[in-house]
Amino acid sequence: MQQPRDIARELSRRGYRLTPQRTMILSIIEDSDTHINAEEIYAQVVARYPRVNISTVYRTLELLKQLGMIYEIDLGGGRVGYHPEDKGHHHHLICRKCGAVIDINESALFSVKAILLQAFNFNADLKHLAIYGLCEKCNKE
Ligand SMILES: [Zn+2]
Ligand SMILES: [Zn+2]
């Protein structure tokens, strides 16, 4: 986990201030074990800062995403979740029929990364992907 002062330094280096709300949003994401979504984050923030608007949460998520501190993942069906950067090294297999999400290790796509590098000289960021298809059960139906 990144220390708040490291994050503060990184933000200020890029011309942003580490406000209490930004700190709190980042630590909520750090503490979450799942793909926490914006509404869940907002519910926790508003419990402590009742005047915070949900658009502040969305803007902060956008900023943290641009700074590479968090990953956003579209899990289908309007489910968008967030991870801190250091927990984002895995991929998700998402069933487009039943919505099941299967987590796989980052290393599962190392060979794809190698192929892209070899064939296209393209160094792909394959750290946190959502791959859609059919799960074992739905594929049999
Ligand atoms: Zn994930
Ligand atoms: Zn399925």
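The model is predicted. The protein chain has six helices and five strands. One zinc ion (ligand 2) has four cysteine SG donors, and the zinc ion (ligand 1) has histidine NE2 donors.

**Overall fold**

- From the N terminus, the order of elements is α-α-α-α-β-β-β-β-α-β-α.
- The C-alpha trace spans about 50 × 40 × 20 Å along its principal axes.
- The protein chain has 141 residues, and 33% of them count as buried.
- Take the contacts between residues at least 6 apart in sequence: 52% of these join residues at least 24 apart.

**Zinc ion (ligand 2)**

- The protein donors are the SG atoms of Cys 95, Cys 98, Cys 135 and Cys 138, at 2.2 to 2.3 Å from the ion.
- The site is tetrahedral, with angles of 104 to 115 degrees among the four donor atoms.
- Along the chain, the donors follow the spacing C-x2-C-x36-C-x2-C.
- Cys 98 sits in the loop between S3 and strand S4 (101–105), and Cys 138 sits in helix H6 (residues 136–140), so this pair ties together parts that are 40 residues apart in sequence.
- Cys 98 is partly exposed at 40% relative accessibility, while Cys 138 is buried at 4%.

- His 90 counts as buried because its relative accessible area, 14%, is under 20%.
- His 92 is also buried, with 0% relative accessibility.

**Salt bridges**

- The whole structure holds five salt bridges.
- Lys 65 pairs with Glu 72, with the closest N and O atoms 3.2 Å apart.
- Both partners are partly exposed: Lys 65 has 26% relative accessibility, and Glu 72 has 35%.
- Glu 62, Lys 65 and Glu 72 are linked in a salt-bridge network.
- Glu 141 forms a salt bridge with Lys 97, and their closest N and O atoms are 3.2 Å apart. This pair links distant parts of the chain, 44 residues apart: Glu 141 is in the segment after H6, and Lys 97 is in the loop between S3 and S4.
- Glu 141 and Lys 97 are both exposed.
- Lys 140 and Glu 136 form a salt bridge at 3.7 Å, N to O. The two residues are four apart in helix H6, so about one helical turn separates them.
- Lys 140 is exposed at 67% relative accessibility, and Glu 136 is exposed at 63%.

**Surface patch and strand residues**

- Leu 93, Ile 102 and Ile 131 make a nonpolar surface patch of about 200 Å².
- Leu 93 belongs to strand S3 (residues 90–95). Its relative accessibility is 31%, which counts as partly exposed.
- Tyr 132 lies in strand S5 (residues 130–133) and is partly exposed at 41% relative accessibility.
- Leaving out residues up to four places away in sequence, Tyr 132 touches Asp 74, Leu 75, Gly 76 and Ile 94.
- Tyr 132 and Lys 97 are 35 residues apart in sequence, with a C-alpha to C-alpha distance of 9.6 Å.

Definitions and conventions. Residues numbered from 1 in each chain as written. Chains lettered and ligands numbered in written order. Predicted model: local features only at pLDDT ≥ 70, side-chain atom pairs only at ≥ 80, totals over all residues. Heavy atoms only, no water. Patch = residues over 30% accessible without salt bridge, like charges linked within 9 Å, V, L, I, M, F, W, Y side chains within 5 Å. Areas by Shrake-Rupley, 256 points an atom, 1.4 Å probe, with all protein chains shown as cover. Salt bridge = Lys/Arg side-chain N within 4 Å of Asp/Glu carboxyl O. Buried < 20%, exposed > 50% of the residue type's maximum accessible area, 1.4 Å probe, protein only. Donors = N, O, S within 2.8 Å, 3.2 Å for Na, K, Ca; no water. Tetrahedral: all angles 85-135°; square planar, octahedral: opposite > 155°, others 65-115°. Contact = heavy atoms within 4.5 Å.
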